[in-house]
2 protein chains.
Amino acid sequence: MAEILWTIVKIGYAARLPLPRSLWGVTETSSQPRRAKPRPAKRSREDKYDERRTQLAESALATLGERGYARTSLREIAQNSEFSHGVVHYYFASKADLILHCVRYYKIDCATRYDEIIATATDPEEFANRFVERLLGTLRQDASMHRLWYDLRGQSMFDQEFADQVEEIDRLLEDMIWRIVTKFAELSGLQPAFSPALSYAMFDGVFFKALLAHVHGDELAPDRLREEAFALLPSLFRDA
Amino acid sequence: MAEILWTIVKIGYAARLPLPRSLWGVTETSSQPRRAKPRPAKRSREDKYDERRTQLAESALATLGERGYARTSLREIAQNSEFSHGVVHYYFASKADLILHCVRYYKIDCATRYDEIIATATDPEEFANRFVERLLGTLRQDASMHRLWYDLRGQSMFDQEFADQVEEIDRLLEDMIWRIVTKFAELSGLQPAFSPALSYAMFDGVFFKALLAHVHGDELAPDRLREEAFALLPSLFRDA
DNA sequence: CATTCTCCTTGACGACTGTCAAGTTTTGGC
DNA sequence: GCCAAAACTTGACAGTCGTCAAGGAGAATG
């Protein structure tokens, strides 16, 4: 059963490939593994190298999402890929290097989830409906990815190494929420009542609570999230 | 430096002792360690046994608060107490048993932090001021305890063993917030605008964000929390 | 005083971890 | 088809972990 779930998650991620490497390749700052410094001149080689890194990052994300950061070993990640455990250190300098790569990979998705809705919405009520339904969808579908994010965010309180990346993603998420808030204000002719940070914090608290209940097996969690989101949304605004 | 900080934390916890054992002794359900089943008839023995358990739980809490759940070993906990590592399994059946005992110990405090303010407040503005100031106080003073709570809450998404305890504490905290909300409503003649769960989730999101920033070294975090709390508080109510 | 039980220390066990070196297989350029 | 570089596997390392058994110190009990 868990195997099936895991496979679904894996396929889900694989389906999004390929991603342009320019998205994170340029900002790569971590130390390189023992691979020879001068990369092959041939383009296909370089691509294959990055593809393997991504492939391993996906396996890592799927495993991390199921077992959590603390309980996931490099051997386990490799076991859920088609490679042996040694290959991890061929493509990543360390475990932290791998995790940070995973987080970078994750954040590409996380902050653009509602942009399509924002771009195409014309009516405030329709906008709210589509937003909330997508919120419920990601709660159910990407639950293990979300709990990994909250796990890593929690770890960043004890491990300084994660703090910067976590803060960066937090900013992206705050911007995402703020784009929703301003769009809704624009469509409805109202004014945002709170700062971007406060709006995000409120929404994040509500979403996390729903995720926690959902993960703990509460089948009513999505429905309750819908109610709460519809209760929260209007109170984020005041008359212009 | 870290040593000094740790000592301060430890003294802080020791100062709260002794606690009546009836508070958690009756609900004790975890398996007992290898200590002989029929406890000594002498009262002082039994007390000493519970005192040691509490003493170890305090050391554990201090260490866990500094290093986080995943990084803290039983040897480290014992090293920060005055005992050797073997003694842990004399008083606790397993690591999980110890952690759960710590959590139970923690929750006695966590949910009664504002009750004195609730009981003595007479004016809504004065009530809000005292509440927010105590909120800032606990953010600064009990930061490592709070991050441990959020850490364990996150772990409960991967470790079913923690789920029940986490849900129980979450309920206590929700009740705590709701007592504040209803008291404020009573003093100000307004009506709570949201459900207890939603009110708690919003406040929790705001507090966690402040804690994260504070732990990451943001010195303005408490001041921002004050602003945000004062912005959030009135919007939790509507006219009667 | 002798015995028993409590309390605690010590040391060891098997399992697991991240890391890495050595060796094998595969690939691509000539 | 050869050969060097890349890609991957294997096995081992030093360390840590939770757990527990053996035994000693010391107080309580008779």
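User: How many aromatic pairs are there over all chains?
Analyst: Keep in mind that this is a predicted model. Rings pair up here if their centres lie within 6.5 Å. By this rule, the count over all chains comes to 18 aromatic pairs.

User: Are the ring planes of A:Tyr90 and A:Tyr91 stacked, tilted or edge-to-face?
Analyst: Their ring centres are 5.0 Å apart, and the planes meet at 85°. Planes over 60 degrees apart fall in the edge-to-face class, so this pair is edge-to-face.

User: Which cluster do ring pairs build with A:Tyr90 and A:Tyr91 in it?
Analyst: A:Tyr90 is partly exposed, at 35% relative accessible area, while A:Tyr91 counts as buried at 10%. Ring pairs link these two with one further tyrosine, giving the cluster A:Tyr49, A:Tyr90 and A:Tyr91.

User: What sits over the ring of A:Tyr69?
Analyst: Look for a charge, with a limit of 6 Å from the ring centre. One is found 5.2 Å from the centre of that ring. In chain B, B:Lys95 sits over B:Tyr69, also at 5.2 Å. For A:Tyr69, it's the charged end of A:Lys95.

User: How far apart are the end C-alpha atoms of α12(A)?
Analyst: Helix α12 of chain A has 12 residues, 221-232. At 1.5 Å a residue they should span 16 Å, and the model agrees: the ends are 16 Å apart.

User: What covers the buried residues of α12(A)?
Analyst: The buried ones are A:Ala221, A:Pro222, A:Leu225, A:Glu228, A:Ala229 and A:Leu232. They cover an arc of only 120° around the axis, so they're on the same side of α12(A). The cover includes α8 and α11 of chain A, together with α11 of chain B.

How values were computed: Residues numbered from 1 in each chain as written. Chains lettered and ligands numbered in written order. Predicted model: local features only at pLDDT ≥ 70, side-chain atom pairs only at ≥ 80, totals over all residues. Heavy atoms only, no water. Helix = DSSP H or I, 4+ residues; strand = E, 2+ residues; numbered from the N terminus. Expected span 1.5 Å × (residues − 1). Buried < 20%, exposed > 50% of the residue type's maximum accessible area, 1.4 Å probe, protein only. Arc of directions from axis to C-beta. Contact = heavy atoms within 4.5 Å. Phe/Tyr/Trp six-rings, centres within 6.5 Å; stacked < 30°, edge-to-face > 60°. Lys NZ or Arg CZ within 6 Å of the ring centre and 35° of its normal.
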